[in-house]
Amino acid sequence: MSGQTLVFSECFPTEIARLGEIYAQAGEELALVGGPVRDACLGKVPHDFDLTTSAMPEKTQELLDLWGDAVWDVGKEFGTIGGRLGDVVVEVTTYRSEEYVIGSRKPTVTYGDTLEGDLTRRDFTINAMALRLPDFELVDPTRGLKDLVAGVLRTPASPEQSFDDDPLRIMRAARFAAQLGFHVEEDVMRAMIDYAQRLDIVSAERIREEFVRLMTAPDPRRGLELLVYTGVADLVIPEISALSDTVDEHKRHKDVYEHTLTVLEQAMALETDEDGPVPSPDFVLRMAALFHDCGKPATRKFEGKGVVTFHQHDIVGARMTAKRMRLLKFDKQTTKDVSKLVALHQRFHGYGEQEWSESAVRRYITDAGPLLERLHRLTRADCTTRNAKKAAYLQAAYDDLEERIGELLEKEELSKVRPDLDGNQIMEILGLKPGREVGQAYKYMLSVRMERGPLEHEEAVDTLRSWWGSVTEYKGKEN
């Protein structure tokens, strides 16, 4: 054990051992637990320092005050106190177990008596290992190290009890499968199926957090397939489950579900390093890839002779995406960005068949706005045809579009495009006061600017007056 202890101690900053000494001197137990222990066993450098202790929260506050520069009650109602010493941030939680009360959406906390008891109530054996401080002694009552080596997700107690205690663990199973590339034990999968409905009592925010972690993991496809297979996706992201229904027995069109997972993987492959325009992992791009065709089941029509259409699935899909993200309590900007990418993902199709005007390219750029780099990647990823000639044609067409976009961006600062006449000029020319009509005129002049490029002042004035004359004439006829 001494050699193993030495290896573990070298994985953590000396401040952690010092905190263990303070607890030991106070007659309390302290141990690193969960993620940092798992990461250390995998040879990864731990960055989060979660600890568990025999001390009650009030005592932990006292001991952290002796150790650190700052202390805060990050989740005192759940037995958790946070502290910092220099760059080292810790969260210390009293030994506990969690369970849900019928009708409640939050777990209740019951404090435990021993480290081993605390570990056996955790989600998976690979997270039920601890390093007892200050000596970094490995405590592994559920053989988590063996499962870690085997790449298996197993629960310390029966999966039925585990998921009944905290249904969010169902989502965590899929998340860890995606994050670590691990195999999920058969009895765990069966319990996921049987207990999926228990997720109804978990808050949307907690489900969202696990879903985001799944989507930004190295292999989200593995986690998503597990959610769909177990029926959990029917509750969390039913729009994705429904994609498998678009496959008919005659195979008259591609498998939209498989296509979607392929697009997700191809979009991920186009993410950049941290210095590039779309640093990996990019949740917005990945979510847009996952939902880009979610409108197809609702818009599918059989036109005869084996022809299947999905007219306006992009627009319908964008609305469905926004609705699902609102239900999962995503922030407004993320929801807007993802749904906008879904709405725009079809815009490129047809480019190679009919040359776009400069104004059409300009609109493509401005409609995408700050999402342009993501739209580039989503559009390219959406090409999953097995026809090599068609694939090469589509990529060449998009190469051409990107080249034209680059030329336009170099020539014009499109992010700063404004009408040739501002609001004050419009009011002066048309004799209007501030109001809705000025806004309509401004919007019209912006569309002219996008369509025709910059105009000379007199031409812009003539264009505005001509438009205004047609508007007032139409209103006169209506009256």
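Visitor: Is Cys11 buried, partly exposed or exposed?

Guide: This is a predicted model, and the values here are computed from it. A residue is buried under 20% relative accessible area and exposed over 50%. Cys11 has a relative accessible area of 24%, so the residue is partly exposed.

Visitor: How many disulfides does a search of the whole structure find?

Guide: A disulfide is a covalent bond between the sulfur atoms of two cysteines. To be counted, the two sulfur atoms must lie within 2.5 Å. The closest cysteine sulfur to that of Cys11 belongs to Cys41 and is 8.4 Å away, too far for a bond. For the whole structure, the number of disulfides found is 0.

Visitor: Where is Cys294, and is it buried or exposed?

Guide: Cys294 is in the loop between α15 and α16 (296–299). Its C-alpha atom is 9.0 Å from that of Val342, although the two residues are 48 apart in sequence. The relative accessibility of Cys294 is 1%, and the limit for buried is under 20%. Cys294 therefore counts as buried.

Visitor: How are the rings of Phe283 and Phe330 arranged: stacked, tilted or edge-to-face?

Guide: By the rule for ring pairs, centres must lie within 6.5 Å, and planes under 30 degrees apart count as stacked. The count by this rule is 7 aromatic pairs. The ring centres of Phe283 and Phe330 are 5.4 Å apart and the planes are at 15°, so this pair is stacked.

Visitor: Which parts of the chain does the pair of Phe283 and Phe330 tie together?

Guide: Both residues are buried. Phe283 and Phe330 are 47 residues apart in sequence, so their pair ties together separate parts of the chain. These parts are helix α15 (residues 283–291) and the loop between α17 (313–327) and α18 (332–344).

Visitor: How are the rings of Trp467 and Trp468 arranged: stacked, tilted or edge-to-face?

Guide: Trp467 and Trp468 are both buried. Their ring centres are 6.0 Å apart.

Visitor: Which residues form one aromatic cluster with Phe136, and what is the phi of Phe136 near?

Guide: The cluster consists of Phe12, Phe49 and Phe136. Phe136 lies in the loop between β8 and β9 and counts as buried, at 4% relative accessibility. Most residues other than glycine have a negative phi. Phe136 has a positive one, near 60°.

Visitor: What is the phi of Arg143, and is the residue buried, partly exposed or exposed?

Guide: Arg143 is in the loop between β9 and α6 (144–150). Its phi is positive, at about 60°, although Arg143 is not a glycine. With a relative accessible area of 48%, Arg143 is partly exposed.

Visitor: Which prolines follow a cis peptide bond?

Guide: Most peptide bonds are trans. The bond from Ser280 is cis with omega near 0°, and its proline is in the loop between α14 (256–269) and α15.

Visitor: Which element gives the most residues to the lining of the largest pocket?

Guide: The largest pocket holds about 1700 Å³ of space. Its lining has 44 residues, and those closest to the centre are Asp50, Arg96, Arg172, Arg175 and Arg213. Elements that give two or more residues include β2 (49–53), α8 (168–180) and α10 (204–215). With 7 residues, the element that gives the most is α8.

Visitor: How many residues of the lining of the largest pocket are charged?

Guide: In this count, Asp, Glu, Lys and Arg are the charged residues. The lining has 12 nonpolar residues and 10 polar ones. The number of charged residues is 22.

Visitor: Which ring has Arg175 over its face?

Guide: A charge sits over a ring if, for Arg, CZ is within 6 Å of the ring centre and within 35 degrees of the ring normal. Arg175 is 4.3 Å from the centre of the ring in question. That ring belongs to Phe176.

Conventions. Residues numbered from 1 in each chain as written. Predicted model: local features only at pLDDT ≥ 70, side-chain atom pairs only at ≥ 80, totals over all residues. Heavy atoms only, no water. Phe/Tyr/Trp six-rings, centres within 6.5 Å; stacked < 30°, edge-to-face > 60°. Helix = DSSP H or I, 4+ residues; strand = E, 2+ residues; numbered from the N terminus. Buried < 20%, exposed > 50% of the residue type's maximum accessible area, 1.4 Å probe, protein only. 1 Å grid on protein atoms, 1.4 Å probe; cavity = no way out; pocket = protein on both sides within 12 Å on 5 of 7 lines; lining within 4 Å. Points joined across faces, edges and corners; volume = space filled by probe spheres on them.
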